[in-house]
Amino acid sequence: MSALLPPSLRLAQAVGIMTSAFLSGTLVAEISSRPAVYEKSEQMLTGIAGGVLAVSYGFVPSMSQAPNTLLVREWQTTYGRGVAASPALALVSTLSYFYLSYNLSFTLNHHKAEIYALAAIATGSIVPFTLICMKTVNGKLNSKVEKSKGLHRSEEMNESKDKKGDSSQELLDRWAVLNFTRGLLPFMGACLGFYASFFVTS
């Protein structure tokens, strides 16, 4: 039980669970940049990161009717904030879970150590997921941002020659779905960490 663990391991439990849960909330909440997407899964999202989403509902303006120039610039701002904070949060949480797993592997808590290892892998998986699964759509959206330079935010970019599915709104819809999936990884890590901390005794 967590009450029998030394202070360093209890601190690692708190840090691992809190950072992975917060990371999940911030990633999932980024979907609020595209109301057309999150409205379809509002109940699911609210169940996962309701508090963070409630804040994003209040502060992030609806972008569904905005010109594509403004859409991609807002995406760049949202994505940039995530890039600035998410890797550090993922690293802290992953290292905390691995620290717990390593230390408990030398005790009788082998099952708990295995669950913490799974929590570390789930949380840390957001990095390869981002680099591999989101590389294409991120690249296309960044190209849109470059294309929008020199245009006023109220102007529309000419996307008549874009391939089907490569318009700004379609790319943002695709990114939002991938980002939601990415947010589930640290959420799984938080659930596993919570389960190992409070429900696994040996």
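**Overview. The chain of the predicted model has eight helices and zero strands.**
Helices (H or I, at least four residues) and strands (E, at least two) are DSSP runs numbered from the N terminus. The order of elements from that terminus is α-α-α-α-α-α-α-α. Of the 202 residues, 45% are buried (buried: under 20% relative accessible area; exposed: over 50%; partly exposed: in between; 1.4 Å probe, protein chains only). The accessible area of the chain is about 10,700 Å², with 65% of it supplied by carbon and sulfur atoms; areas come from the Shrake-Rupley method with a 1.4 Å probe, and for residues only the protein chains shown count as cover. Contact means heavy atoms within 4.5 Å. Of the contacts between residues at least 6 apart in sequence, 80% join residues at least 24 apart. Residues are numbered from 1 along each chain as its sequence is written, and side-chain values use heavy atoms, without hydrogens and water. Local features need pLDDT of at least 70 and side-chain atom pairs count only at pLDDT 80 or more, whereas totals for chains, interfaces and linings use all residues.

**View 1. Thr 69 lies in helix 4 (residues 68-104).**
Thr 69 has a relative accessible area of 0% and is therefore buried. Beyond residues up to four places away in sequence, Thr 69 touches Ser 148, Leu 151, His 152, Arg 153, Glu 155, Glu 156 and Met 157.

**View 2. Helix 4 packs against helix 5 (residues 110-124), with axes that come within 8 Å.**
The two axes cross at roughly 160°, so helix 4 is roughly antiparallel to helix 5. Axes are lines fitted to C-alpha atoms, for helices over the stretch in contact, and angles run from 0 to 180 degrees between N-to-C directions. Angles under 35 degrees count as roughly parallel, over 145 as roughly antiparallel, 65 to 115 as roughly perpendicular and the rest as oblique. The crossing of helix 4 and helix 5 is left-handed (the near helix is turned anticlockwise from the far one by less than a right angle; clockwise is right-handed). Helix 4 contributes residues including Ala 90, Thr 94, Tyr 97 and Phe 98, and helix 5 contributes residues including Tyr 116, Ala 117, Ala 120 and Ile 121. By class, this contact has eleven nonpolar, six polar and one charged residues; Ala, Val, Leu, Ile, Met, Phe, Trp, Tyr, Cys and Pro count as nonpolar, Asp, Glu, Lys and Arg as charged, and the others, Gly among them, as polar.

**View 3. Ala 120 is a residue of helix 5.**
Ala 120 counts as buried because its relative accessibility is 1%. Outside four places in sequence, Ala 120 is in contact with Thr 94, Tyr 97 and Phe 98.

**View 4. Helix 7 (residues 135-148) meets helix 8 (residues 168-198) with axes that come within 10 Å.**
These axes cross at roughly 145°, and the crossing is left-handed. Val 137, Asn 138, Lys 140, Leu 141 and Lys 144 of helix 7 meet Ser 168, Leu 171, Leu 172, Arg 174, Trp 175 and Leu 178 of helix 8. Six of these residues are nonpolar, two polar and three charged.

**View 5. Leu 141 sits in helix 7.**
Leu 141 is buried, with a relative accessible area of 0%. Apart from neighbours within four places in sequence, Leu 141 contacts Val 72, Trp 75, Ser 168, Leu 171, Leu 172 and Trp 175. Arg 73 is 68 residues away along the chain, and its C-alpha atom is 9.3 Å from that of Leu 141.
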